[in-house]
Amino acid sequence: MTSTPFTDPDTVAALYADAARTQQRTGALLTAKTGGDDATATIVDLAARHAQDRPRVCEIGCGRGTVTLALAEALAPSCQTVVDLSAAFLATVARRVAETGFAVNTVRGDFHHLPLPEAGCDVAVAAFCLYHSTRPADVVAEIARCLAPGGLAVLATKSVDSYHEIDHLMVDTGLDPHATTRSSLYATFHSGNSADIAATGLEVAEVIHRDHTFRFTDFYHLASYVVTVPKYVLPQQMTNPRDLAAELRRRTRDRPFTATSTVTYITGSSRP
Ligand SMILES: C[S@@+](CC[C@H](N)C(=O)[O-])C[C@H]1O[C@@H](n2cnc3c(N)ncnc32)[C@H](O)[C@@H]1O
């Protein structure tokens, strides 16, 4: 059983207590993106490819609900439920759903014990969240329990070395000397082990890897992302992008900065 700071329940709760901060992180990353697929679109396409008409959809670790809204629009579910540990995120999802007029049940719960009935959903999605578990196979078993016969699960995660270029910059500039030895956010469920873990509870059908590239225009752009990433341990006075960017510039030449990641998608069905 691997455990990392990102599988500690208190750390995870703190990490997702503030939906605006997560939006800042995602926003900085999205504006830097120059290569790779649209993960939300791919997840929805995979779900739609296998789904029956008006499926019952559940989503585990829904975050701010970006995939939720896309699933609602594309699949027109007869019933859609999202489960997340974060009350702040569930409130954000409820607000976004209300604004768009879709009907989605928001349920607070731990994905190790899904508060969902057995065989009650046709499509289950768990995107970029199983790496918060020390026992992702247990979550896969829970997902399999909730899937109806012939139901489809879509899982997504990233490579363990995602954004390692930033770790090296932090070490090379001396801003975070231990960034390269600290555990990856994705350590427990990543591109390299996720298919095997999924296969412990599901009949795996597809495993798709997509390379993603991010080009931050300058150190301010990069710093806007870095200050929101819990992995980095920065000097206290550098918790805002302006100060971190200034310190980076003091230590090395400002320049466009490229970082990479692999996103992995897995589809599978429940075993008969
Ligand atoms: C990186 S966000 C992913 C959000 C969303 N799926 C997406 O793709 O944008 C990870 C989510 O997993 C949730 N999470 C982490 N641990 C959890 C647990 N034990 N049970 C339920 N949700 C959990 C967090 O609250 C957070 O919303």
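Asp-138 counts as partly exposed, at 34% relative accessibility; the term partly exposed covers the range between buried, under 20% relative accessible area, and exposed, over 50%, with a 1.4 Å probe and protein chains only. The side chain of Asp-138 meets that of Arg-135 in a salt bridge, 2.6 Å from N to O. By a salt bridge I mean a side-chain nitrogen of Lys or Arg within 4 Å of a carboxyl oxygen of Asp or Glu. Arg-135 is likewise partly exposed, with a relative accessible area of 37%.

Before I continue, colleagues, a word on the source. This is a predicted model, in which local features need pLDDT of at least 70 and side-chain atom pairs count only at pLDDT 80 or more, while totals for chains, interfaces and linings use all residues. Residues are numbered from 1 along each chain as its sequence is written, and side-chain values use heavy atoms, with hydrogens and water left out.

Let me stay with the salt bridges. How many salt bridges does the rule give? The count comes to 13. One of them joins Arg-49 to Glu-206, with the closest N and O atoms 2.8 Å apart. Arg-49 belongs to helix α3 (residues 39–50) and Glu-206 to strand β7 (residues 202–216), so this pair ties together parts that are 157 residues apart in sequence. Helices (H or I, at least four residues) and strands (E, at least two) are DSSP runs, numbered from the N terminus. Arg-49 itself is exposed, its relative accessible area being 52%.

A further salt bridge links Arg-242 with Asp-243, where the closest N and O atoms are 3.5 Å apart. Arg-242 is exposed at 57% relative accessibility, whereas Asp-243 is partly exposed at 28%.

I turn now to the ligand. It is surrounded by 17 residues, of which Gly-61, Asp-84, Phe-89, Phe-111 and Ala-127 are the closest; a residue is near a molecule if one of its heavy atoms lies within 4 Å of it. By class, this shell has 10 nonpolar, five polar and two charged residues. In that scheme Ala, Val, Leu, Ile, Met, Phe, Trp, Tyr, Cys and Pro count as nonpolar, Asp, Glu, Lys and Arg as charged, and the others, Gly among them, as polar.

Which polar atoms lie 2.5 Å apart at the ligand? They are a polar side-chain atom of Asp-84 and an oxygen atom of the ligand. A polar backbone atom of Gly-61 is 2.6 Å from a nitrogen atom of the ligand, and a polar backbone atom of Phe-111 is 2.9 Å from a ligand nitrogen atom. Taken alone the ligand exposes 600 Å², and the protein buries 88% of that. Accessible areas come from the Shrake-Rupley method with a 1.4 Å probe; for residues, only the protein chains shown count as cover.

Next, helix α7 (residues 164–172). Which of its residues are buried? They are Glu-165, Ile-166, Asp-167, Leu-169 and Met-170. The buried residues of α7 pack against β7, α9 (219–226), α10 (241–251) and β8; contact here means heavy atoms within 4.5 Å. Just after α7, Gly-174 takes a positive phi of about 75°.

Strand β8 (residues 257–270) contains Thr-262, which is buried with a relative accessible area of 17%. The side chains of Thr-262 and Asp-211 are joined by a polar contact of 3.2 Å. A polar contact is a pair of N or O atoms within 3.5 Å; within protein, one must be able to donate a hydrogen and the other to accept it, and residues adjacent in sequence count only if both atoms are side-chain atoms. Leaving aside residues up to four places away in sequence, Thr-262 touches several others, including Thr-157, Ser-191 and His-209.

Another buried residue is Asp-122, at 9% relative accessible area, and its place is in strand β5 (residues 121–127). Not counting residues up to four places away in sequence, the residues it touches include Gln-52, Pro-55, Arg-56 and Leu-147.

Finally, two loop residues. Arg-54 sits in the loop between α3 and β2 (56–60), and its phi is near 45°, a positive value in a residue other than glycine. Ala-76, in the loop between α4 (66–75) and β3 (79–84), has a positive phi of about 45° although it is not a glycine. Arg-54 is partly exposed at 48% relative accessible area, and Ala-76 is partly exposed at 37%.
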